[in-house]
Amino acid sequence: MKLFFTLFLFTFPLQSLADAWIQKASFSGSARHAATGFFLNGKGYIGTGGTFSVRKKDFWEWNPATDAWTQIADLAVSQGRSGSVGFAIGDYGYISTGYDNGYQNDLWQYDPSGNSWTQKSDVGTIGRHYAVAFELNGYGYLGTGNKNFAMQDFWQYDPASDSWSQEADFGGNARSSATGFGINGKGYLGIGYGNGPLKDFWEYDPSSNSWTQKADFGGGERSDAAGFAACGLGYIATGVSNSQDQNDLWEYDPASDTWTEKTNFGGSARDNAVAFSDGTYGYVGTGTDIFNEFSDFWQYTPDCVFSNINGHSASTAKSIKVLDVSPNPVVADACIRLESGGAEEVHVTLYSSGGVLTYHQSFAAQNGDQILTLHLENLNTGIYLLHVSCENDSYSRKLIRMN
């Protein structure tokens, strides 16, 4: 009876972590809006943007394991820049377009191993700011935006040849300050501002180079929102609607073409925030509400982390497959048996029922079966979320710690 009662007490708080926001360490650069970022090799990056009086070119790296920010090399431009776009391909991050004493069409590649920026081929079009960009199948895509007029052209970047090719124009009207993300090899782009605020939403299929209109955004007309994809679903948070900043969150399911309102963003209402995802969790931070600039930073946990708590995400070229976690419940040491499919490093984290990171360890991945041993004798009794991840795959389940 005592064991059953203990499990009951901790099960409810653990489930309450789903569809919930947890505040993380605030962005260590100065508060700002219209910044940009990406998630790369297990770490998040935010930089550029500006305040009401000055544009920035500094860049910062966030380590989820330590919840700490470290300043890295400035974007290698002469002036501060705002309204750029960011995406990641393979082992590199990319920043493109934006405004710094002129509308830009350049592309910069960030190499975390050397902490350096290298200029790559310009986007094959005129400069702009407030465009949308995302990665699909190893290529970068960039489109829409504004240079004294709204745009609807759409471009693909091939990192192997360092070249851009023009694709089919965006299917909706020309616009800027739109939002987009990639899910399962397809791109999604919509809302924004054209001849007025917009609410339409579109899917891009790179295999046919075509656009298909999907269900309108569930939150209505919206611009300057933050978007990310996690667990095969899309999310749009914050932004401007009816001339007011918002703090709502909407989830898009491409399988059913439906929008569902979720728990409001954990911070205050704002626009021009930065968002990215590690594939499982979403992250949103910075932004403005016209009167204030923000530096707070938040993690969102989708329902999917708990709806199939013994499952793992869709495997990719660098994947992991957890075969067993034992013993569970655990008193002292727990062993994780897994298969690695090309991953170079495996990260193991534990979150308490209150959402606090309580354990982290990284392991070098090995081919074939591998046993990871976690020493948990100093962990408090309770139920935890165990998260095992590599660069492109993750696995989550409950882990119970007993005395």
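**Before you start**

This is a predicted model: local features need pLDDT of at least 70, side-chain atom pairs count only at pLDDT 80 or more, and totals for chains, interfaces and linings use all residues. Numbering starts from 1 along each chain as its sequence is written, and side-chain values use heavy atoms, with hydrogens and water left out.

**Stop 1: an open sheet**

Select β1, β26, β25 and β24. Strands here are DSSP runs (E, at least two residues), numbered from the N terminus. These four form an open sheet in the order β1-β26-β25-β24, with antiparallel pairing. Two strands pair if DSSP finds at least two bridges between them. The edges are β1 (20-24) and β24 (274-277), and each of them pairs on one side only. On average, neighbouring strands of this sheet are turned by 25 degrees against each other, direction ignored. That angle is taken between axes, which are lines fitted to C-alpha atoms; angles run from 0 to 180 degrees between N-to-C directions.

Now zoom in on β24 and β25. They run antiparallel and are joined by four bridges. Pick Val 274: its bridge partner in β25 is Gly 285.

**Stop 2: aromatic pairs**

Show the rings of Phe, Tyr and Trp. Rings (for Trp, the six-membered ring) pair if their centres lie within 6.5 Å; planes under 30 degrees apart count as stacked, over 60 as edge-to-face and the rest as tilted. The count comes to 44 aromatic pairs.

Select Tyr 141 and Phe 154. Their ring centres are 5.7 Å apart and their planes are at 15 degrees, so this pair is stacked. Tyr 141 belongs to strand β11 (residues 139-143) and Phe 154 to strand β12 (residues 154-158), 13 residues apart. Both Tyr 141 and Phe 154 are buried. Buried means under 20% relative accessible area, exposed over 50%, and partly exposed in between (1.4 Å probe, protein chains only).

Next, select Phe 217 and Trp 250. This aromatic pair is edge-to-face, with 6.1 Å centre to centre and 70 degrees between the planes. Phe 217 lies in the loop between β17 (210-214) and β18 (226-230) and Trp 250 in strand β22 (residues 249-253), so the pair ties together parts that are 33 residues apart in sequence. Phe 217 and Trp 250 are both buried.

For a group of rings, select Phe 27, Phe 39, Trp 60, Trp 62, Trp 69, Phe 276, Tyr 283 and Phe 297. Ring pairs link these residues into a cluster.

Then find Arg 270. Its charged end sits over the ring of Phe 294, 4.1 Å from the ring centre. The rule for this asks for NZ of Lys or CZ of Arg within 6 Å of the ring centre and within 35 degrees of the ring normal.

**Stop 3**

Most residues other than glycine have a negative phi, and most peptide bonds are trans. Here are some exceptions.

- Ser 326 to Pro 327: this peptide bond is cis, with omega near -10 degrees. Pro 327 lies in the loop between β27 (319-326) and β28 (333-341).
- Asn 328 to Pro 329: another cis peptide bond, with omega about 15 degrees. Pro 329 is found in the loop between β27 and β28.
- Asp 224: phi is positive, about 60 degrees, although this is not a glycine. Asp 224 lies in the loop between β17 and β18.
- Ile 290: phi is positive, about 80 degrees, and this is not a glycine either. Ile 290 is found in the loop between β25 (282-288) and β26 (293-301).

Is Asp 224 buried or exposed? Asp 224 is buried, with a relative accessible area of 15%. Ile 290 is exposed, at 56%.

**Stop 4: the largest nonpolar core**

A nonpolar core is a set of buried Ala, Val, Leu, Ile, Met, Phe, Trp, Tyr and Cys residues joined through side-chain atoms within 4.5 Å. The largest one has 22 residues; those with the most contacts inside it include Ile 336, Val 348, Leu 374 and Val 388. Strands that each supply at least two residues of this core include β29 (345-351), β31 (368-375) and β33 (394-401).

Finish on β33. Seven of its eight residues are buried. Eight bridges join β32 to β33, and the two run antiparallel. Select Leu 385: it stands opposite Lys 398 in β33.
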